[in-house]
Amino acid sequence: ALELAQACFDPIHLLLTDLSMPLMDGRQTAEKISRLHPETAVLYMSGNSTHHPATTHPANFIAKPFTLNSLTDKIRIILETHLR
């Protein structure tokens with residue numbers, strides 16, 4: 001994701017990232033990409049019950065497993081709010 005963000009000159013409107021990842025967690029990934037692309041909204045996801053929405057902004061969190069409809073609804077809300 002970081003390599004793609006570094007090579008991208010167009011705006012990145014949304015980053016969907018898991019809070020638990022092997023080399024770097026989702027927060028670290030989002031921070032690095034946000035430095036390159038400050039316009040980027042972030043949606044965090046996790047299937048780990050210790051990653052409660054209170055650890056991020058609840059509007060920017062979706063718990064796994066989720067349905068395609070719940071994901072698209074969440075993305076729509078984030079982009080409508082972020083792109084105003």
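The points that follow concern a predicted model, and they go from the sheet to the helices.

1. Three strands make up an open sheet with parallel pairing, and their order across the sheet is S1-S2-S3. Because strand S1 (14-18) and strand S3 (61-63) each have a single partner strand, they stand at the edges, and one side of each is left without a neighbour in the sheet. On average, and with direction ignored, neighbouring strands of this sheet are turned by 20 degrees against each other.

2. As for the pairing of S1 with strand S2 (residues 41-46), the two run parallel and are joined by five bridges. Within this pair, Leu16 has Leu43 in S2 as its bridge partner.

3. Two helices lie across these strands. Helix H2 (residues 26-36) lies across S1 and S2 and runs at about 155 degrees to S1, while helix H3 (residues 68-82) lies across S1, S2 and S3 and runs at about 155 degrees to S2.

4. Which residues of H2 are buried? They are Gly26, Thr29, Ala30 and Ile33, and because they cover an arc of only 95 degrees around the axis, they are on the same side of H2. In general, an α-helix has 3.6 residues a turn, so residues three or four places apart point the same way. The buried residues of H2 pack against helix H1 (2-7) as well as against S1 and S2.

Key. Residues numbered from 1 in each chain as written. Predicted model: local features only at pLDDT ≥ 70, side-chain atom pairs only at ≥ 80, totals over all residues. Heavy atoms only, no water. Pairing = 2+ DSSP bridges. Helix = DSSP H or I, 4+ residues; strand = E, 2+ residues; numbered from the N terminus. Axes fitted to C-alpha atoms, helices over the stretch in contact; angles between N-to-C directions. Contact = heavy atoms within 4.5 Å. Buried < 20%, exposed > 50% of the residue type's maximum accessible area, 1.4 Å probe, protein only. Arc of directions from axis to C-beta.
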